[in-house]
Amino acid sequence: MSAGELTLITQRELVRVGCLEQVDGKWGSGSQKALQAYAERKGIKLASLTPTEELVNSLKAAGGRVCPLVCGNGMEVRGNRCVAAGLSVFNGVWKLTRHATTDCGDWRELSTSILVNDGVVSSSSGLSGKVARNGTINMTLTFVHKGRKGGNILTGMIKNDKGKGRFKGTGAGSGCSGTVTMSRM
């Protein structure tokens, strides 16, 4: 086989086993990294990172996926492909902590637990809201302080098992603002 044919066949096989994203016919650093990842996963020591007929035969003998499927933010693995994450990816109990950066009276940091179920946020402490498919959070907290209604508007983003954002007070709490951190419990 010619060098060009070896490159194409090797790249096709690396795509098939999940170590390379696409065939481009050029044996560059991306192809070499994919080959190295394949070799590491299979426990093979390579004499070089150049395509050979022996390497092609080894790749063809590999049954299915060798390299793990890694999906970008907002995507999740289903079967053998990346699909848009459903809202259930955020389901669970989360610890939410508000860190005051302005005068919030007698507190500088408050934590509570929230429950996320299919994008809907609820808590026993008065927090409610939504989590969007891309991880954007929008929540409100309502309370009564010294007989006056107040609240917080919380916005931010969840990525994996952590989240961060900001909060701003309203009504009786209008002078209070700061940052928000979240972690899955």
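The model is a predicted one.

A disulfide is a covalent bond between the sulfur atoms of two cysteines. In this model the count comes to two disulfides. One of them joins C19 to C67, with an S to S distance of 1.9 Å. The torsion about this S-S bond is 90 degrees, and the link of C19 and C67 is right-handed. C19 lies in the loop between α1 (3-16) and α2 (29-42), while C67 lies in the loop between α3 (53-61) and β1 (75-78), so the bond ties together parts that are 48 residues apart in sequence. With a relative accessible area of 13%, C19 is buried. C67 is buried as well, at a relative accessible area of 6%. Both values can be set against the cut-off, because buried means under 20% relative accessible area.

The other disulfide joins C104 to C176, where the S to S distance is 1.8 Å. The torsion about the S-S bond of C104 and C176 is about 95 degrees, so this disulfide is right-handed. Distant parts of the chain are linked here: C104 sits in the loop between β3 and β4, C176 sits in the loop between β9 and β10 (177-184), and the two cysteines are 72 residues apart. Both C104 and C176 are buried.

Attention now turns to the aromatic rings. A pair of aromatic rings is described by the distance of the centres and the angle of the planes. The structure holds one aromatic pair. Its partners are W107 and F167, whose ring centres are 6.0 Å apart and whose planes meet at 25 degrees, so the pair is stacked. The reasoning rests on a simple cut-off, because planes under 30 degrees apart count as stacked. W107 belongs to the loop between β3 (92-100) and β4 (109-117) and F167 to strand β9 (residues 162-171), so the pair ties together parts that are 60 residues apart in sequence. W107 and F167 are both buried. The ring of F167 has a further neighbour: the charged end of R98 sits over this ring, 6.0 Å from its centre.

Charged side chains also meet each other directly. The count of salt bridges comes to two. In one of them, the side chains of R16 and E13 meet at 2.8 Å, N to O. Both R16 and E13 lie in helix α1, three residues apart, which is about one turn of the helix. R16 counts as partly exposed, at 35% relative accessibility, whereas E13 counts as buried, at 12% relative accessibility.

The other salt bridge is formed by the side chains of R184 and D161, at 2.7 Å, N to O. R184 is partly exposed, at 26% relative accessibility. D161 is partly exposed too, with a relative accessible area of 42%.

The surface also carries a nonpolar patch. L8, V15 and V23 form this patch, and together they have about 180 Å² of accessible area. One of its members, V15, lies in helix α1. At 31% relative accessibility, V15 counts as partly exposed.

Finally, the backbone deserves a look. K146 has a positive phi of about 55 degrees, although K146 is not a glycine. The place of K146 is in the loop between β7 (136-145) and β8. K146 counts as exposed, at 75% relative accessibility. N160 likewise has a positive phi, near 60 degrees, in a residue other than glycine. N160 is found in the loop between β8 and β9. With a relative accessible area of 67%, N160 is exposed. These labels follow from the cut-off, because exposed means over 50% relative accessible area.

Key: Residues numbered from 1 in each chain as written. Predicted model: local features only at pLDDT ≥ 70, side-chain atom pairs only at ≥ 80, totals over all residues. Heavy atoms only, no water. Phe/Tyr/Trp six-rings, centres within 6.5 Å; stacked < 30°, edge-to-face > 60°. Helix = DSSP H or I, 4+ residues; strand = E, 2+ residues; numbered from the N terminus. Buried < 20%, exposed > 50% of the residue type's maximum accessible area, 1.4 Å probe, protein only. Lys NZ or Arg CZ within 6 Å of the ring centre and 35° of its normal. Disulfide = S-S within 2.5 Å. Patch = residues over 30% accessible without salt bridge, like charges linked within 9 Å, V, L, I, M, F, W, Y side chains within 5 Å. Areas by Shrake-Rupley, 256 points an atom, 1.4 Å probe, with all protein chains shown as cover. Salt bridge = Lys/Arg side-chain N within 4 Å of Asp/Glu carboxyl O.
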